[in-house]
Amino acid sequence: MATQPKPETVVQQMSTHLSKFKEMAHRTRGRLERLAEMSFEIEDELKQKEYADRVSELFTISTQFEEKLDSLINDYEIERNRIANEAA
């Protein structure tokens, strides 16, 4: 049977994961901003509604991804803090 890692090790690894998740979230927000700009340009400036609709669909999917990622970050951070507090 495998031994459980020390709580300090788990907290450290979870902190590393949180940092990576937060970097992903930051990049996701940038992508969302760019999709919004592109949707506006395609629909309002170029009058290409069909393509603007497709960009809007991507925007919706990306927004859902961002929301799920933010939820994961929040829950993972709570769990990391719980483990850290128990180890203290």
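## Helix pairing

Helix 1 passes helix 2 in a left-handed crossing (the near helix is turned anticlockwise from the far one by less than a right angle). Helices here are DSSP runs of H or I, at least four residues, numbered from the N terminus. This is a predicted model: local features need pLDDT of at least 70, side-chain atom pairs count only at pLDDT 80 or more, and totals for chains, interfaces and linings use all residues. Residue numbers start from 1 along each chain as its sequence is written, and side-chain values use heavy atoms, without hydrogens or water.

Helix 1 spans residues 7-45 and helix 2 spans residues 49-87. Their axes come within 8 Å and cross at roughly 160° (lines fitted to C-alpha atoms over the stretch in contact, angles from 0 to 180 degrees between N-to-C directions). The two helices are therefore roughly antiparallel (over 145 degrees).

## Nonpolar core

The largest nonpolar core holds five residues: Leu18, Phe21, Ala25, Leu69 and Ile73. Such a core joins buried Ala, Val, Leu, Ile, Met, Phe, Trp, Tyr and Cys residues through side-chain atoms within 4.5 Å. Helix 1 and helix 2 are the elements giving two or more residues to this core. Helix 1 gives the most, with three.

Leaving out residues up to four places away in sequence, Ala25 touches Leu69, Asp70 and Ile73 (heavy atoms within 4.5 Å).

Thr28 lies in helix 1. Thr28 counts as buried, at 6% relative accessibility (under 20% relative accessible area, 1.4 Å probe, protein chains only). With the sequence exclusion of up to four places, Thr28 touches Ser62, Phe65, Glu66 and Leu69.

Note on methods:
Parallel < 35°, antiparallel > 145°, perpendicular 65-115°, else oblique. Buried < 20%, exposed > 50% of the residue type's maximum accessible area, 1.4 Å probe, protein only.
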